Amino acid sequence: MSDIAAAEESQVLPVVAVVGRPNVGKSTLVNRMIGRREAVVQDVPGVTRDRVSYDATWNGRQFVLVDTGGWAPDAKGMAAQVTEQAELAVAAADAVVFVVDARVGTQDVDEAVVKVLRRSGKPVLLAANKVDDQRTEAEAAALWQLGLGEPMTVSALHGRGSGDLLDAILAAIPQAPRMMSEGDSGPRRVAIVGKPNVGKSSLLNKVAGQQRVVVDEVAGTTVDPVDELVEVDGEIYRFIDTAGIRRRVKEASGHEYYASLRTHGAIERAEVCIAVVDASEPVTEQDLRILTSVEEAGRALVIAFNKWDLTDDERRRYLRREIERDLVHFEWASKINISALTGRHVDHLGAAIKEALAGWEMRVSTGRLNAFLGRIVAAHPHPVRGGKQPRILFGTQAHAGPPTFVLFTTGELEPGYVRFLRRRLREEFGFQGTPVHVELRVREKRKRK
């Protein structure tokens with residue numbers, strides 16, 4: 001058994017794939033069953049494209065729901081890739097929920113999907129969605145002709161019948177384990193972030209060694225964050241492929257707006273972020289904003305300059321200047337030059353992730369820290385302002401992940417001096433690949449009696 005299989009086996013969670021043709025309400029139904037709005041939903045066909053996994057709990061038992069893109073057996077282009085992802089989800093599932101729009105009834109596409117589902121040999125539950133009243137419930141009876149048994153009438157929008165569907169899912173899948181303890185943290189979480197069309201999904205596919213997510217030249221192909229267990233240099237990581245972050249969240253419309261919010265949520269969920277930058281194009285303000293959002297979230301950072309195969313000597317010379325000029329505030333981040341298309345230096349990713357996580361979790365003892373502060377303050381005391389000179393009494397590391405230091409002082413330190421201390425902390429202790437936070441605690445003066 002491979003390490004990835006062992007990691008998945010250790011969780012032993014049954015998998016349920018939710019499939020159906022476009023715009024029948026699969027993502028809305030998934031949100032209803034998991035009890036939270038995670039899958040991106042919009043009243044436009046084809047918003048979901050990849051197969052996206054969500055942890056679900058019902059009656060104290062856990063399983064995994066896999067939302068898929070609209071299934072069209074005779075599709076071409078990007079739609080064919082979406083269909084392929086749906087078929088892969090069925091192959092990996094323990095049971096399948098086939099969603100049909102009860103108001104529209106069956107179509108040729110539905111019957112073609114049923115043939116594929118029968119060949120899979122998996123238990124199939126037929127969910128007649130959009131049954132909001134008694135009249136539509138009568139129309140749902142026509143779905144018997146699909147030959148999948150009794151249609152289970154549900155309304156993903158209002159929640160009608162969703163409890164019965166969840167009961168049927170638990171009866172169809174292998175014995176679902178009890179909820180895992182909170183102490184079981186699982187594999188380390190790595191989010192792949194960047195602006196649209198820089199190659200994030202291509203990088204995940206190359207690292208995973210399979211076509212895990214839909215890739216297309218059209219910007220914005222990925223909408224939902226996509227989780228995947230991947231083995232890199234003998235370590236298992238949970239990679240999260242995210243939607244490209246637009247210039248401004250408020251400029252995005254419809255599903256792009258919600259996708260952008262999900263991406264920021266994925267950054268918060270991750271421990272280390274791989275920020276993918278297009279090396280063949282100049283570094284943009286958008287790239288800098290994404291790097292800043294990772295730093296502000298306090299996550300470890302690896303900057304991957306992708307599409308290196310498309311750069312020539314002149315472009316690489318300009319890129320070095322841009323790194324020195326524009327990325328000077330992120331000189332602490334681990335950096336690698338890669339090509340997700342050809343696989344160039346993708347094997348260096350594991351070492352960069354380990355280095356960033358090691359810096360992110362580094363701890364400095366109070367004794368070493370205060371010895372360092374004593375030397376720095378003696379050699380470079382805080383400047384006198386207005387006849388006063390604040391002093392650092394002592395310091396301590398409050399926590400790691402990211403490394404956060406608290407300095408107890410007799411007065412406010414100037415921002416420039418705090419930046420100087422942060423830089424010297426890096427020089428002394430390392431902290432490669434992680435932001436370092438410094439907080440001040442000013443001691444209040446005691447009033448004379």
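This is a predicted model: local features need pLDDT of at least 70, side-chain atom pairs count only at pLDDT 80 or more; totals for chains, interfaces and linings use all residues.
Residues are numbered from 1 along each chain as its sequence is written, and side-chain values use heavy atoms, with hydrogens and water left out.

The protein contains 13 helices and 15 strands; these elements are DSSP runs numbered from the N terminus, helices being H or I of at least four residues and strands E of at least two. Of the 449 residues, 48% are buried, where buried means under 20% relative accessible area, exposed over 50% and partly exposed in between, computed with a 1.4 Å probe on protein chains only. Contact is defined as heavy atoms within 4.5 Å. Among contacts between residues at least 6 apart in sequence, 71% join residues at least 24 apart.

Two packed helices are described by the angle between their axes and the distance between the axes. Axes are lines fitted to C-alpha atoms, for helices over the stretch in contact, and angles run from 0 to 180 degrees between N-to-C directions. Angles under 35 degrees count as roughly parallel, over 145 as roughly antiparallel, 65 to 115 as roughly perpendicular and the rest as oblique.

The axes of helix 2 (residues 26-34) and helix 6 (residues 162-172) come within 10 Å and cross at roughly 80°. Helix 2 and helix 6 are therefore roughly perpendicular to each other. Leu 29, Arg 32 and Met 33 of helix 2 meet Ser 162, Leu 165, Leu 166 and Ile 169 of helix 6 in this contact. By class, the residues of the contact comprise five nonpolar, one polar and one charged; Ala, Val, Leu, Ile, Met, Phe, Trp, Tyr, Cys and Pro count as nonpolar, Asp, Glu, Lys and Arg as charged, and the others, Gly among them, as polar. Helix 2 is mostly covered, with seven of its nine residues buried. These buried residues are Lys 26, Ser 27, Leu 29, Val 30, Asn 31, Met 33 and Ile 34. Their cover includes strand 1 (15-19), strand 2, strand 3, strand 4 (95-101), strand 5 and helix 6. Gly 35, which follows helix 2, has a positive phi near 80°.

The axes of helix 12 (residues 366-379) and helix 13 (residues 415-429) come within 11 Å and cross at roughly 125°. That angle makes helix 12 oblique to helix 13. The contact involves Arg 368, Leu 369, Phe 372, Arg 375, Ile 376 and Val 377 of helix 12, together with Tyr 417, Phe 420, Leu 421, Arg 424, Leu 425, Glu 428 and Phe 429 of helix 13. Nine nonpolar, no polar and four charged residues make up the contact of helix 12 with helix 13.

Within helix 13, Tyr 417, Val 418, Phe 420, Leu 421, Leu 425, Arg 426 and Phe 429 are buried. The elements covering them include helix 12, strand 13 (392-399), strand 14 (404-409) and strand 15 (437-442). Helix 13 is followed by Gly 430, whose phi is positive, near 105°.

Most residues other than glycine have a negative phi, and most peptide bonds are trans. Asn 59 has a positive phi, near 50°, and is found in the loop between strand 2 (52-58) and strand 3 (61-67). Asn 59 is exposed, with a relative accessible area of 53%. Phi of Lys 130 is also positive, near 65°; Lys 130 lies in the loop between strand 5 (124-129) and helix 5 (134-140). The peptide bond from Gly 401 to Pro 402 is cis, with omega near 0°, and Pro 402 is placed in the loop between strand 13 and strand 14.

Val 207, in helix 7 (residues 200-208), is buried, with a relative accessible area of 16%. Leaving aside neighbours within four places in sequence, Val 207 contacts Val 230, Val 232, Phe 239, Val 346 and Leu 349. The C-alpha atoms of Val 207 and Leu 349 are separated by 8.9 Å, although these residues are 142 apart along the chain. Glu 285, in helix 9 (residues 285-296), is exposed, with a relative accessible area of 55%. Its C-alpha atom is separated by 9.1 Å from that of Asp 326, 41 residues apart along the chain.
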